[in-house]
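This report goes through one structure part by part.

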Amino acid sequence: MVTGFTGLLTVTVFLPAAGALALLLLARSDRAARLLAFAVGVAELALSLVVFFGFQRGGERFQWVDRLPWFASETLNASYFLGVDGLSAPLVLLTGLLGLCAVLASWRITLRVREHFAWLLLLQTAVLGVFTSLDLLLFFLFWELELLPMYMLIAIWGGGRKEYSAMKFLIFTITGSAFMLVAIVAVFLTPQVGTFDMTQLLAHGVGLSGADLLLPASALFWLFFLAFAIKLPVWPLHTWLPDAHTDAPTAGSVMLAGVLLKMGGYGLLRINVGIFHQQTQQFAWALMALGVISVLYGAVVTIRQTDLKRLIAYSSVSHMGLVLVGIASVQVGLGELTDTGLSGAAMQLFTHGTITGLLFLAVGLVYDKAHTRYIPDLGGLANRMPLVAIAFLIAGLASLGLPGLSGFVSELLVFLGGFQAYPWPTALAVLGIILAAGYILWMMERCLFGAARERFDHLTDASFVEALPLVLLIIVIVAVGVYPAPLTQVFQAGLAPMVDAFR
Amino acid sequence: MTLHDLYLLSPYVATAGMGILVVLLDLVTPRKSLLAAVAVLGVLVAGALTLVQLLDMGGILGGPGLPNLVSDGGVLAGSLSVDRFALFFNFLILAALGLVVLASTDYLRRMPGHQGEYLGLLLFSATGMMMLSAATELITIYIALELTTLPLAALAAFLLTGRSTEAGMKYLIIGAISSAVMLYGMALVFGFTGSTSLEGIAASFRVPAQQDVPFGSYAMLAGVALMLAGFGFKIAAAPFQMWVPDVYEGAPVPVVAFLSVASKAAGFAVLLRVFYTGFLDYDVDWGALLAILAAASMTVGNLAALGQSNIRRLLGYSTIAHAGYILVGVAAVAGVAYSPGAGPAFTTFGPSSVLFYLAAYLAANLTAFIAIIAISNRIESDRISDYAGLVRRSPFLAITLALALVALIGVPPTSIFIAKLYVFTAAVKSGLAWLALAGVINSVISAYYYIRIVRVMFLDAPPSAERIPVPVPSRVALAVVAIATVAIGVAPGLLLTAAEGAVKALAGVAR
């Protein structure tokens, strides 16, 4: 049994929540609130860097473990159990990175400032908790904790039909988590299991496919899958996403696309792949089909969008479909396994987080200044705001998978894995990337280039505070694109034991 | 009756005695604020006596070897049993009473001249509830039930407004009908088992010849069903829920708060005791019957709550839904799925989940109601739309009320999350996975109407910038229950152990 208490993850997870509380109680002015949130964001980034770079690739599977008994009785018991492995450490880093970006992106908010930063920080705690929990009940607790902050961010600081979108987001997510709860309970009640400890479940995953399960293992697999598929989102459960994205404020969109969707992908990798080996292999074809449909459907619908945010939202559906393609490719042939696709899926979580984060930041700036996201109204922005345009361009090129930028690495890995397992469906999925090149370049052309419009003459480029997160993310995107090894190696360190467990 | 009996009865005597004292004091003292203090003192004394009894049994964490203070026969010729189970409910009911008294100090000014009666009736009703949870004999159950119901009917009508009188009348009449029905059920059960004590009833089921009386099985079934109808009224479960919305809307808010948590707890206490002590060997699957009631109750409550615009009516329907969730735990006559053919092997799972849920619900629902008491004192309206922008007018009230509503959905890390987890786990373990799934789906539906209130409070513009003051006693009570709501969710260990220990006092669970 894994035990210990180093405290690093506890601090990392709860520092934002503590910051939120301090904001509400101590910050007397909006300026103080902003600075406090910024300080917490910087501290979080530093902590997440320590978590990521302090992770020993050759060491224990789970590191930085914090474990305390939570409650124990005759009938129920759970532990407070945090820890990271190669799969979650990069996602912690991603959350630290985008958390700071989200704080900077909401620098100019004037409505209920203290509350805004408090919800934003609480959201960060919830997401970090999901990525680091190694107890199923604690995992579920953090999974649900994320709901209310995101609801509030969309419903109060959003635009358009914000309340409708926020409620839709809430109902979809809570429905998914209801299925997950039933599955968690059923796993716990299985006599041979009797624990919420994920490390034990991961270690003895195969044992779950025995006949003594309370519900059939395939039912459990799909219950978990539903919860994560709604979050990812997978076609046809994606309909909440375009609404939520379109109406969320910039910081909300960044967090939503950057890290919240990744909770779904992380759940699929950690629980569906990690625990239900047989079922993952058995239903790989279904995952593949859903993945390919998501990729293609997302891409086709994206082309038709005229709202910048909606466009990026649908492109997310398309790109997250690749995660499923990567997962489905775990089994190459009879008994032959590969972790190429899985690493691609995990990498896709990280790279898509940074790329979409950057896209939403850029769109947010465009909207702040030009007051429209309607593509036909935009044009020639590159002349007026070169910095924003460059960021937009880099994010777009990374999104369509240009070599040298981060998106290429993950997509390549996914397709390499996919071609070994399902050549034809993967070929179809590649079509999605060609479509992506189409919609991204076309969107760039219509927004950034072309004749400068008179009514945009007054526009100014990004200020220092606005440019900071852009630069931060560009550095990450280029760095991962040029030298992905540190990241891929950590992911592979996390995924290797999972693939080994299949054998 | 010996001195030891008196010691065992002391919490009830203290509560009722303080009730009488409050009424008498009201006649002689001009300082009405003294009355509430005396009532709180009564709660503290009764609580202290209960604590002494609990320590006598070895404390909360004491081993299962000492479930009972009386070796055999019980108190007053076996009509009451002072065991861990009863003590658990003593604490629950006294806590609810104390908090409601604290929260109603400001509200009391609306009813000048009757403060003594108000507090006295509350104390009498609480005495009835406490006795109800200890009663082990049908006639005592009936008497305790009447002692619970009659003061509450008077209290419901206390405002003397049209709506309040209607609420009192409805509660009285429907209460009277349901107790008549229940009495008929008790008579049938007595007729075919020859005993009014739960032990005796249980024993008669173990004699096969007893069940061969012509038409006996049908009469027993009718008896059990009619008794269940009576209990259904107390716990506000469908289809005996008709009185709930009107009473919740019309009665004074503190009374509703008390009714919603304490009366429900007492109802479930007697339900558990009767079914898990008396009817365990009855060869009809009453677990399935309760499961159907549970599913009906949560569905009816949740669907009706969706369209409500009055917060008290909404919480009325919500309480019906929660009665359904709690019934899931009662229906979870555990172990059936694991020992086919060997007869049900009873575990602590189902009953202890009920106890845990009741405590968790007490914290969350009282948080909601104490906030509503403070709000309605100022804005004099129960319309949800009038709660617009509450976060601007009183952040404390808005945040605590939002916490309570989120807790009522069952979102972690609040008390009801663990409670629902516990109840649904018990259901799955007893082979009632469909019921757990129904409960989970219902929880999702309920999110919609609870969050709607949060939305109005946090998102809409306030009609006026006027602050809403919260008197100090209410502030204290609200802080206590709000902290409890989170604390039970974050650290449920102690309460889990206490609930598991308490249900072992039930004859059926211990074996």
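## A buried charged pair

Glu115(A) and Arg112(A) are both buried, where buried means under 20% relative accessible area, exposed over 50% and partly exposed in between, with a 1.4 Å probe and protein chains only. The two residues form a salt bridge in which the closest N and O atoms are 3.0 Å apart. A salt bridge here is a side-chain nitrogen of Lys or Arg within 4 Å of a carboxyl oxygen of Asp or Glu. Side chains of opposite charge can pair when their charged atoms come close.

## Basis of the model

The model is predicted: local features need pLDDT of at least 70 and side-chain atom pairs count only at pLDDT 80 or more, while totals for chains, interfaces and linings use all residues. Residues are numbered from 1 along each chain as its sequence is written, chains are lettered from A and ligands numbered from 1 in the order in which they are written, and side-chain values use heavy atoms, with hydrogens and water left out.

## Where the chains meet

Chain A and chain B bury about 3300 Å² between them, and 77% of this lies on carbon and sulfur atoms. Buried area is the accessible area (1.4 Å probe) that two parts lose on being put together, summed over both. Thr75(A), Leu76(A) and Leu189(A) supply 16% of the area that chain A buries against chain B, more than any other three residues. The contact (heavy atoms within 4.5 Å) takes 33 residues from chain A and 39 residues from chain B.

Two salt bridges are found across the interface of chain A and chain B. One side chain involved in a bridge between the chains is that of Glu115(A), which meets Arg392(B) at 3.9 Å, N to O.

On the side of chain A that touches chain B, at least two residues each come from strand E1 (63–72), helix H5 (136–145), helix H6 (147–157) and helix H7 (162–189). Helices (H or I, at least four residues) and strands (E, at least two) are DSSP runs, numbered from the N terminus. H7(A) gives the largest share of this side, twelve residues. By type, the side of chain A that touches chain B has 25 nonpolar, three polar and five charged residues. Ala, Val, Leu, Ile, Met, Phe, Trp, Tyr, Cys and Pro count as nonpolar, Asp, Glu, Lys and Arg as charged, and the others, Gly among them, as polar.

## Salt bridges within the chains

Over all chains, the structure holds 20 salt bridges. In one of them, the side chains of Glu466(A) and Arg108(A) meet at 2.9 Å, N to O. Glu466(A) lies in helix H20 (residues 464–482) of chain A and Arg108(A) in the loop between helix H3 (88–105) and helix H4 (113–132), so the pair ties together parts that are 358 residues apart in sequence. Glu466(A) is buried, with a relative accessible area of 12%, whereas Arg108(A) is exposed at 55%.

Lys231(A) and Glu146(A) form a salt bridge whose closest N and O atoms are 2.9 Å apart. Lys231(A) is in helix H9 (residues 217–231) of chain A and Glu146(A) in the loop between H5 and H6, 85 residues apart. The relative accessibility of Glu146(A) is 0%. Leaving aside neighbours within four places in sequence, the contacts of Glu146(A) include Leu123(A), Phe169(A), Lys231(A) and Met263(A). In chain B, Arg163(B), Glu166(B), Lys170(B), Asp246(B), Glu249(B) and Arg313(B) are linked in a network of salt bridges.

## Backbone details

Cis peptide bonds with omega of about 0° join Ala238(B) to Pro239(B) and Pro412(B) to Pro413(B). Pro239(B) is in the loop between helix H8 (216–235) and helix H9 (244–250) of chain B.

His371(A), which is not a glycine, has a positive phi near 60°, and Glu380(B), also not a glycine, has a positive phi of about 50°. His371(A) is exposed at 62% relative accessibility, and Glu380(B) is exposed at 60%.
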